[in-house]
Amino acid sequence: MPYKLNVDLTAVNGRDFAILTGKADIFPYEDGRKRHDARRTGVKLTLALQGARLAPLTVKFDQDPLPKVTDEEIEEAVMNCKPLFVQIPDCAVSLFSSNGSGIGMTATAQTAQIVTLNSK
């Protein structure tokens, strides 16, 4: 029997911020194929959850929450071990289980911001 639980980012990560690892446009599908010629329907940010052994989480947005940050900049930051940290205060994470596929996570939000961590 499948189960579903809705939580926030802190519940799955132990922190209210995570490592930004990617950014991509979301396009509609037609007949099972992605339509790149159509207008994008949203943006997804891929995160690495540092409080969950860097488990990946993709968060979907209706619009680009970080218009000044490109996927190339994110890739360079990760490659140089200078990750960008993103805070998503309204992140709604859905944890789910199903027969035979284990536990999965999906997430949606409306806002995100790059944060700087204070070093002590």
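Helices (H or I, at least four residues) and strands (E, at least two) are DSSP runs, numbered from the N terminus. This is a predicted model, in which local features need pLDDT of at least 70 and side-chain atom pairs count only at pLDDT 80 or more, while totals for chains, interfaces and linings use all residues. Residues are numbered from 1 along each chain as its sequence is written, and side-chain values use heavy atoms, with hydrogens and water left out.

**Overall dimensions and surface**

- Along the principal axes, the C-alpha atoms of the protein chain fill a box of roughly 50 × 40 × 25 Å.
- The protein chain has 120 residues, of which 32% count as buried; buried means under 20% relative accessible area, exposed over 50%, and partly exposed in between (1.4 Å probe, protein chains only).
- Carbon and sulfur atoms account for 52% of the accessible surface of the protein chain, which comes to about 8,100 Å²; areas come from the Shrake-Rupley method with a 1.4 Å probe, and for residues only the protein chains shown count as cover.
- Among contacts (heavy atoms within 4.5 Å) between residues at least 6 apart in sequence, 59% join residues at least 24 apart.

**Salt bridges**

- The whole structure contains three salt bridges, each defined as a side-chain nitrogen of Lys or Arg within 4 Å of a carboxyl oxygen of Asp or Glu.
- Lys23 and Asp64 form a salt bridge at 2.9 Å, N to O. This pair links distant parts of the chain, 41 residues apart: Lys23 is in strand E2 (residues 17-26), and Asp64 is in the loop between strand E6 (55-61) and H2. Both Lys23 and Asp64 are buried.
- Arg40 forms a salt bridge with Asp25, with the closest N and O atoms 3.1 Å apart. Because Arg40 lies in the loop between strand E4 (33-34) and strand E5 (42-49) and Asp25 in strand E2, the pair ties together parts that are 15 residues apart in sequence.
- Glu30 pairs with Arg35 in a salt bridge, with the closest N and O atoms 3.5 Å apart. Glu30 is partly exposed, with a relative accessible area of 44%, and Arg35 is also partly exposed, at 30%.

**Charge**

- The protein chain has 14 positive and 14 negative side chains; Lys and Arg count as positive and Asp and Glu as negative, while His and the chain ends are not counted.

Notes:
Charge placed at Lys NZ, Arg CZ, Asp CG, Glu CD.
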